[in-house]
Amino acid sequence: MIKTWIADVTPLYEAETYRRYYCLVPDFRKEKADKITVWEKKAQSIGVWVLLQKMRQYYSLDEQANFNLSHSGKYVLCSVDDSGTKGAEVGCDVEMVGRYHDKIANRYFAEEEIDWINGKQALERSERFYRIWVLRESFLKATRKGMQLDMKTFAFHRKDIEKKWELSRQPKDFGKKYYFQEYRVGNGEARAAVCADRCEFSKTMKRFCF
């Protein structure tokens with residue numbers, strides 16, 4: 001099953017708390033965090049790796065277990081495949097909900113996705129925009145191709161009965177089936193999504209507290 005945890009890293013904005021968790025991560029992660037000058041981003045870098053380590057410990061996973069990390073604003077996110085399936089693909093993304101970026105949507109989103117976003121009142125368009133955003137990012141990360149993929153070669157739609165997201169079309173080079181799970185974070189201040197080539201997802205995210 002694909003398990004997903006989320007954490008609020010604002011406690012790491014305090015120097016003493018940050019230092020306590022900083023000491024828990026491997027040297028290469030410390031070096032990465034040391035190069036970051038913005039304190040909030042330093043907290044993200046350390047916090048997301050601690051989250052991964054806590055998941056490995058909780059589920060007794062070895063370091064070969066597939067995982068993916070994401071962070072945005074005060075949140076860090078980690079998804080792991082606890083099955084031990086070799087070569088399993090997983091990608092995750094979390095984004096703080098902000099304003100609707102119509103220029104980004106027009107450049108990167110599929111026409112049917114834009115129609116779905118614009119089918120609601122203005123206040124709901126921002127949330128719909130970020131729901132599509134995190135789904136797309138999770139897919140790009142699961143394939144490990146990122147922005148190398150032509151963003152117009154795939155599109156999302158929801159199944160009418162199950163209300164689950166699926167790809168209505170996908171790049172020709174990716175013939176396998178991909179599955180998706182979306183999550184609403186807190187009171188809706190952020191959205192998250194996970195993509196995998198396996199269909200078993202945790203229905204809710206586990207909250208980890210620093």
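Hi everyone, let's start with the sheet: three strands, open, in the order 4-8-7, with antiparallel pairing. Strands here, like helices, are DSSP runs numbered from the N terminus, with at least two residues of E for a strand and at least four of H or I for a helix. Two strands count as paired if DSSP finds at least two bridges between them. The edges belong to strand 4 (90–96) and strand 7 (179–185); each has a single partner strand, so one side of each lacks a neighbour in the sheet. From one strand to the next, the twist averages 15 degrees.

Before I go on, this is a predicted model, where local features need pLDDT of at least 70 and side-chain atom pairs count only at pLDDT 80 or more, while totals for chains, interfaces and linings use all residues. Residues are numbered from 1 along each chain as its sequence is written, and side-chain values use heavy atoms, leaving out hydrogens and water.

Back to the sheet. Strand 4 pairs with strand 8 (190–196) in the antiparallel sense, over seven bridges. Look at Glu 95, whose bridge partner in strand 8 is Arg 191. Helix 6 packs on this sheet and touches strand 4, strand 7 and strand 8; contact means heavy atoms within 4.5 Å. The direction of helix 6 makes about 150 degrees with that of strand 4, with axes fitted to C-alpha atoms, for helices over the stretch in contact, and angles running from 0 to 180 degrees between N-to-C directions.

Now, helix 5. Which residues of helix 5 (111–118) are buried? They are Glu 113, Ile 114 and Ile 117, buried meaning under 20% relative accessible area, exposed over 50% and partly exposed in between, with a 1.4 Å probe and protein chains only. These residues sit on the same side of helix 5, because they cover an arc of only 100 degrees around the axis, taken from the directions from the helix axis to the C-beta atoms. They pack against helix 4 (102–108), helix 6 (122–143) and strand 5 (155–158).

Next, Gly 73, in the loop between strand 2 (67–72) and strand 3 (75–81). Gly 73 is partly exposed, at 35% relative accessibility. Beyond its neighbours within four places in sequence, Gly 73 contacts Tyr 13, Gln 44 and Met 96.

Last, the cysteines. How many disulfides are there? The count is zero, a disulfide being a pair of cysteine sulfur atoms within 2.5 Å. For Cys 199, the nearest cysteine sulfur is that of Cys 195, 12 Å away. Thanks, everyone!
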